[in-house]
Structures are given as C-alpha cells and as structure tokens.
Amino acid sequence: MSRDVALVTGGNSGIGLECARVLARAGWHVAIASRDRAASAAAVARIARESGADAASELALDLGSLASVRELAREIETRRLPIRALVCNAGLQMQQLRRSAEGHELTFAVNHLGHFLLANLLLERLRAAGQARIVVVASGVHDPKQPTGMPKAAIGEIATLAATGGPAAGAFDGRLAYVNSKLCNLWFTYELARRLETAGRGSGGHAITANGFDPGLVPGSGLARDYPAALRFVWTWVLPGVAYALSPILPSINPAPKAGAALARLVLDPTLASVTGRYFPSHSRWREAASSEASYDAARAAALWEESVRLAGLRPGESPLLLA
C-alpha cells in the first residue's frame with residue numbers, strides 16, 4: 001500500500017467518520033474498524049468518492065469481543081498493513097446493564113478493555129511504520145470540575161469496575177459507568193505513554209506517541225443508541241443544529257465535523273510528532289491542557305494496566321510492553 005494507514009475504530013459515523021474524511025483528504029488510507037459492516041461500507045464509499053478509490057477500506061471489529069479484537073489484529077498482520085496511527089474512537093453509553101462476550105460490563109469492555117488489547121497487539125506494527133501515533137478519545141465528563149451534568153467518577157477495585165461499571169455491586173448506573181470508562185481512557189493513555197518511554201520505544205523522538213482527546217458534547221453521535229426513542233430523536237435530529245449555533249461561543253459543544261477535524265489534527269500535525277502523554281480537550285479549543293487530578297494518579301493507572309492485562313488475557317510475546 002502506497003499510503004500511510006490510520007485505523008479508526010467506530011469510523012463509520014460521528015466524529016470517527018469526520019476524522020477519517022480529513023485523514024483521507026490529507027493523503028492517508030483510512031481503515032474503518034466497526035461492528036456495523038453495512039455502515040462501514042457506506043462510509044468507505046463516501047470517502048472513496050471524495051478522496052479516491054484507495055482512500056479507505058473497512059474491517060470487522062466488535063470491541064465487546066476480545067476474540068474479535070484478536071482476529072482483527074491477525075488480519076492486519078497477515079495483510080502487513082503499514083499502520084502509522086491508531087485512533088481509539090469507538091464508544092458507547094448504556095442505559096441497562098449488559099455484558100460483553102467475555103462477561104465484562106459492556107461500557108468498560110468497549111470503551112476501555114477492547115482498545116487496550118487492540119493497542120497492545122498492534123504496537124509492533126505501529127513501531128515498524130515509524131513515528132506512529134495513538135490517540136484515545138476520552139471525555140470531559142471524567143473531570144468533576146467540568147460542568148457536564150454527569151456524575152463524578154467513582155472507581156473502587158478494577159475487577160469490580162469491570163464487572164459492574166461502578167465501585168461496587170448493586171443497581172447499575174449507565175451514566176456513572178460511562179464516566180468511569182472515560183477516566184480509564186486517560187489512565188490507559190498516560191500509562192501507555194510512560195511504558196513506551198520506559199521500554200525505549202518513545203525515546204529519541206518518540207517512535208510511538210500516545211495522547212488523549214476530548215471532543216466535547218457532540219450531538220448526533222452513536223452514544224445515544226441505547227436511549228429511549230424520544231431522546232434519540234432529539235439527540236440525532238435536533239441537537240446537532242444547536243451545536244453548530246453554540247459551538248463558536250461554547251467550546252464544549254461541537255458539531256461532528258469540527259470535533260472530527262480536531263481529532264484528525266492529533267494524527268496529522270507535525271508539531272505534535274514528539275508530544276506524548278498529553279490531553280487535548282474541547283474546553284481549551286483542543287490546545288494541550290490538564291485533565292482531572294484523578295487522571296494523573298500513576299498508581300491507579302498502573303493497577304488498571306495490570307488488571308487489564310489479566311482481563312484481556314494478554315500474554316508475553318503479544319505486546320512488547322509485557323515482560324516474559
């Protein structure tokens with residue numbers, strides 16, 4: 001393949017699609033990884049019309065199945081795709097407790113664990129491409145100081161979080177599970193950046209960088225797929241127009257094309273080639289800024305990493321960051 005490849009999870013709609021369109025226009029080949037193959041095919045066709053027949057392709061990925069994640073990694077290795085960017089964009093928010101194929105709470109499984117496994121399995125391929133970038137889509141809802149209207153993150157034992165989405169057993173709170181998963185996104189991002197540097201793969205110009213991104217509130221995205229019908233209608237057909245009107249004065253509310261272009265910048269901007277372990281939130285107009293105080297808890301981030309290794313069944317030899 002003559003183009004650099006960016007793998008975008010959930011790249012068939014919302015900010016993932018808009019990010020993919022920008023990357024393709026910049027000359028990249030975008031591999032859209034999603035469970036909805038029909039939507040992905042439609043996205044590929046749209047990108048091909050805009051940027052050429054070699055601009056995009058689609059791959060099967062169900063982040064709620066660790067087996068599916070492993071199958072995607074095997075396919076990428078078999079095809080020897082020169083992936084230089086991994087955009088961990090896909091996410092969901094549930095109203096009712098649901099479990100992944102392996103029995104984990106689905107919000108945690110999709111938003112964190114599936115991406116954790118995918119990134120680790122692709123590290124050698126990213127390193128082979130040289131000067132590669134990983135971008136993890138988090139959210140401002142993880143930060144209690146941001147006025148998001150969401151509950152404050154509450155995480156006890158990681159194993160309990162993986163099972164319930166919260167700090168303890170009991171009634172399921174989908175909003176809390178989502179907030180907790182977004183804090184996990186940043187713990188993962190910062191711990192990944194630290195381990196890459198410690199392993200020597202981030203030194204001398206950062207062969208692989210890892211950064212976090214907050215798109216802000218982006219109405220029309222797939223996050224509302226589990227909402228009641230009336231709320232889905234408002235989210236999908238009413239609020240996107242409101243976002244266009246309010247975004248110039250409220251940086252935390254954005255239409256999908258604006259947020260998607262900002263996400264693509266973290267892959268494309270040459271000034272960010274050696275920037276790693278940082279956070280780019282919407283409230284700062286996507287300039288580098290601090291995330292929540294809790295997100296910098298290195299001990300909790302390390303604990304999440306080790307438990308994620310266990311939950312994902314990641315073995316020495318599958319990731320360069322695991323010791324034999």
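Trainee: Which residues point one way from E1, and which the other way?

Mentor: Val5, Leu7 and Thr9 point one way, while Ala6 and Val8 point the other way. All are buried. Keep in mind that this is a predicted model.

Trainee: What makes E1 largely enclosed?

Mentor: Buried means under 20% relative accessible area. Five of the five residues of E1 are buried, so the rest of the structure largely encloses E1.

Trainee: How do you know that E1 and E2 pair?

Mentor: Pairing needs at least two bridges. Five bridges join E1 to strand E2 (residues 29-34), and these strands run parallel. In that pairing, Leu7 stands opposite Ala31 in E2.

Trainee: What is the order of strands in the sheet?

Mentor: Seven strands form an open sheet, in the order E3-E2-E1-E4-E5-E6-E7, with parallel pairing.

Trainee: Why are strand E3 and strand E7 called edge strands?

Mentor: Strand E3 (56-60) and strand E7 (279-280) each pair on one side only.

Trainee: How many bridges join E5 and E6?

Mentor: Six bridges, in the parallel sense, between strand E5 (residues 132-137) and strand E6 (residues 208-213). The threshold is at least two bridges, so E5 and E6 count as a pair. Arg133 has Thr209 in E6 as its bridge partner.

Trainee: Which helices lie across these strands?

Mentor: Helix H4 (residues 106-129) lies across strand E1 (5-9), strand E4 (83-88), E5 and E6. It runs at about 160° to E4. Helix H6 (residues 174-198) lies across E5, E6 and E7, at about 160° to E6.

Trainee: Why is H4 called roughly perpendicular to H9?

Mentor: H4 and helix H9 (residues 298-312) pack at an angle of about 85°, with axes 10 Å apart. Angles of 65 to 115 degrees count as roughly perpendicular. Therefore H4 is roughly perpendicular to H9.

Trainee: Which residues make that contact?

Mentor: From H4, they are Phe108, His112, Leu113, Phe116, Leu117 and Asn120. From H9, they are Leu304, Trp305, Ser308, Val309, Leu311 and Ala312. The residues of the contact of H4 with H9 divide into nine nonpolar, three polar and no charged.

Trainee: Are Cys19 and Cys88 buried or exposed?

Mentor: The cut-off for buried is under 20%. Cys19 has a relative accessible area of 0%, so Cys19 is buried. Cys88 is at 2%, so Cys88 is buried.

Trainee: Why is Glu18 called buried?

Mentor: Its relative accessible area is 12%. Buried means under 20%, so Glu18 is buried. Glu18 sits in helix H1 (residues 14-25). Beyond residues up to four places away in sequence, Glu18 touches Ala256, Pro257 and Gly260.

Trainee: How far apart are Tyr296 and Tyr190?

Mentor: They are 106 residues apart in sequence, and 7.8 Å apart in space, C-alpha to C-alpha. Leaving aside neighbours within four places in sequence, the contacts of Tyr296 are Tyr190, Ala289, Ala290 and Ser291.

Terms used: Residues numbered from 1 in each chain as written. Predicted model: local features only at pLDDT ≥ 70, side-chain atom pairs only at ≥ 80, totals over all residues. Heavy atoms only, no water. Helix = DSSP H or I, 4+ residues; strand = E, 2+ residues; numbered from the N terminus. Contact = heavy atoms within 4.5 Å. Axes fitted to C-alpha atoms, helices over the stretch in contact; angles between N-to-C directions. Parallel < 35°, antiparallel > 145°, perpendicular 65-115°, else oblique. Nonpolar A, V, L, I, M, F, W, Y, C, P; charged D, E, K, R; others polar. Buried < 20%, exposed > 50% of the residue type's maximum accessible area, 1.4 Å probe, protein only.
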